[in-house]
Amino acid sequence: MRGKTLLTRVMTAILTVGISMSVNAGLFGLGGMNWKEEVLLHDGSRIVVKRSQSYGGRHEIGQTPPIKEQEITFTVPGSGEHVTWKSEYGEDIGRANFIALALHIRHGIPYIVAEPHLCLAYNKWGRPNPPYVVFKYEGKEWKHIADLRDWSVAVGDAMPAVGESQSPQDGAGGRGEAANDGMMRRAA
């Protein structure tokens with residue numbers, strides 16, 4: 001009897017620890033996570049952004065749930081303004097609309113470059129070619145820039161052509177280790 005009680009206590013402790021770890025990591029894959037990333041801006045400065053994402057939405061049995069929502073929060077250098085960009089759940093596509101690729105800040109104006117999340121979102125956003133959707137933070141809200149030529153005029157030389165990166169070490173169009181591409185990186 002005493003051995004059963006000890007075994008029951010040990011199993012209860014293991015189960016409790018397992019459940020608490022699952023809740024912290026997102027119980028059964030339905031939770032979310034938060035982290036920080038360091039972003040290298042076009043002028044060589046760096047900022048740290050806070051990112052979070054939650055999981056849920058439509059998926060097949062046995063598959064992990066897709067990204068349901070994601071959020072990027074950062075402070076605009078110079079102004080100190082706190083800005084948040086969200087890709088929220090879309091009922092029509094059963095998941096978040098976008099996957100964030102890059103953050104750019106030019107003349108104090110933030111830009112987010114994202115790609116539509118799979119085919120349904122790609123169709124919903126007009127099948128962009130190249131497959132990017134760009135948002136500009138203006139007047140306390142994010143506005144979609146429909147014509148990428150407008151965006152390239154706004155950021156000028158800050159954004160390399162698709163497929164290129166620029167590095168202070170190797171000049172324009174190179175692929176040096178310190179690529180100045182505005183891509184998000186995890187903070188150390």
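How many bridges pair β7 with strand β8 (residues 109–116), and in which sense? The two strands pair in the antiparallel sense over 8 bridges. The views below show this pairing and its surroundings.

This is a predicted model, in which local features need pLDDT of at least 70 and side-chain atom pairs count only at pLDDT 80 or more, while totals for chains, interfaces and linings use all residues. Residues are numbered from 1 along each chain as its sequence is written, and side-chain values use heavy atoms, with hydrogens and water left out.

**View 1. The protein chain with its helices and strands.** The protein chain has 3 helices and 11 strands; these are DSSP runs numbered from the N terminus, with helices (H or I) of at least four residues and strands (E) of at least two. From the N terminus on, the order is α-β-β-β-β-β-β-β-β-α-β-β-α-β. Of the 188 residues, 33% count as buried, meaning under 20% relative accessible area, with exposed over 50% and partly exposed in between (1.4 Å probe, protein chains only).

**View 2. The open sheet β7-β8-β9-β10.** The 4 strands of this sheet pair in antiparallel fashion; a pair requires at least two DSSP bridges between the strands. β7 (98–106) and β10 (141–145) stand at the edges with a single partner strand each, so one side of each has no neighbour in the sheet. Neighbouring strands are turned by 30° against each other on average, direction ignored; the axes are lines fitted to C-alpha atoms, and angles run from 0 to 180 degrees between N-to-C directions. A102 has V113 in β8 as its bridge partner.

**View 3. The largest nonpolar core.** A nonpolar core is a set of buried Ala, Val, Leu, Ile, Met, Phe, Trp, Tyr and Cys residues joined through side-chain atoms within 4.5 Å. Of the 19 residues in the largest one, I47, F74, W85, L103 and W142 touch the most other members. β2 (46–55), β3 (67–75), β4 (82–87), β7, β8 and β9 (133–138) each give two or more residues, and β7 gives the most, with 4. A second, separate core of 5 residues includes A102, Y111, V134 and I145.

**View 4. Surroundings of L148.** L148 lies in helix α3 (residues 148–155). At 24% relative accessibility, L148 counts as partly exposed. Not counting residues up to four places away in sequence, L148 touches P130, Y132 and V134, where contact means heavy atoms within 4.5 Å. P128 is 20 residues from L148 in sequence and 9.3 Å from L148 in space, C-alpha to C-alpha.
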